[in-house]
Amino acid sequence: MKINKTYKLEKVVSKEPSRAALQQVLVDEKDKVAVATNGKVMAIVPVELKDGWNRFVNGVRLLPTEAITKARKIAKKNDLAHIGLNGGAVLDDGTEIPTVDHAFPNWRNILPKDANLDGGFSVALDAKLLHD
């Protein structure tokens, strides 16, 4: 699996221990996207999936955030790092990071019904409501 280095999904996942499912990134085989959320913010980014590197269950796989962080370190040295999803996450250097099985929320239910994942979509926000 390959993710553009500008997409920092590890910054979007939940940091709360009570939200273990949201501490990982969901990879969707059908739409070829990675989804991260903390319950307030959601990021959906395209991914490249290599045949034979990934094993999906019902078309999805959870990716530990630690795998993304370690892959970034490998990519700094080698210009590129791949993450294989086969049971857990497997990095180019042979490091295996297990996934924790939790039910990730159905992210499609949150999107507008006419959302186009290929071309993106816009969301208008009220700045007053964003301030804590």
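**View 1. The largest pocket is lined by 18 residues, and Ile-3, Lys-5, Ala-71, Arg-72 and Ala-75 are the ones nearest its centre.** Welcome to this predicted model, in which local features need pLDDT of at least 70, side-chain atom pairs count only at pLDDT 80 or more, and totals for chains, interfaces and linings use all residues. Residues are numbered from 1 along each chain as its sequence is written, and side-chain values use heavy atoms, with hydrogens and water left out. A pocket here is an open set of points on a 1 Å grid over the protein atoms alone, where a 1.4 Å probe fits and protein lies on both sides within 12 Å along at least five of seven lines; lining residues have an atom within 4 Å of a point. The volume of this pocket is about 460 Å³, taken as the space filled by probe spheres set on the points, which are joined across faces, edges and corners. Helix α1 (65-78) gives the most to the lining, with seven residues, and β1 (2-3) also supplies at least two. Helices (H or I, at least four residues) and strands (E, at least two) are DSSP runs, numbered from the N terminus. By class, the lining has nine nonpolar, two polar and seven charged residues; Ala, Val, Leu, Ile, Met, Phe, Trp, Tyr, Cys and Pro count as nonpolar, Asp, Glu, Lys and Arg as charged, and the others, Gly among them, as polar.

**View 2. The second largest pocket has a volume of about 230 Å³.** Eleven residues line this pocket, with Gly-39, Lys-40, Val-41, Met-42 and Ile-110 nearest its centre. Its lining divides into eight nonpolar, two polar and one charged.

**View 3. The largest nonpolar core has 23 residues.** Such a core is a set of buried Ala, Val, Leu, Ile, Met, Phe, Trp, Tyr and Cys residues joined through side-chain atoms within 4.5 Å. Leu-9, Val-25, Leu-63 and Ile-83 have the most contacts inside it. Among the elements that each supply at least two core residues are β2 (24-28), β3 (33-37) and β4 (42-48), while the largest share, four residues, comes from α1. Beyond four places in sequence, Leu-9 touches Ile-3, Val-25, Ala-34, Ala-36, Ala-43, Val-45, Ile-68 and Arg-72, where contact means heavy atoms within 4.5 Å. A second, separate core of eight residues includes Leu-26, Val-33, Leu-62 and Leu-111.

**View 4. Val-35 is found in strand β3.** Val-35 counts as buried because its relative accessibility is 0%, with buried meaning under 20% relative accessible area, exposed over 50% and partly exposed in between (1.4 Å probe, protein chains only). Val-25 is ten residues away along the chain, and the two C-alpha atoms are separated by 5.7 Å. Leaving aside neighbours within four places in sequence, the contacts of Val-35 include Val-25, Met-42, Phe-104 and Trp-107.

**View 5. Five strands form an open antiparallel sheet in the order β1-β4-β3-β2-β5.** Strands pair if DSSP finds at least two bridges between them. The edge strands, β1 and β5 (60-64), each pair on one side only. Two bridges join β1 to β4, and Lys-2 has Glu-48 in β4 as its bridge partner.

**View 6. An open sheet of three strands runs in the order β6-β7-β8, with antiparallel pairing.** Its edge strands are β6 and β8 (96-97). Two bridges link β7 to β8, and Val-90 is partnered there by Glu-96 in β8.
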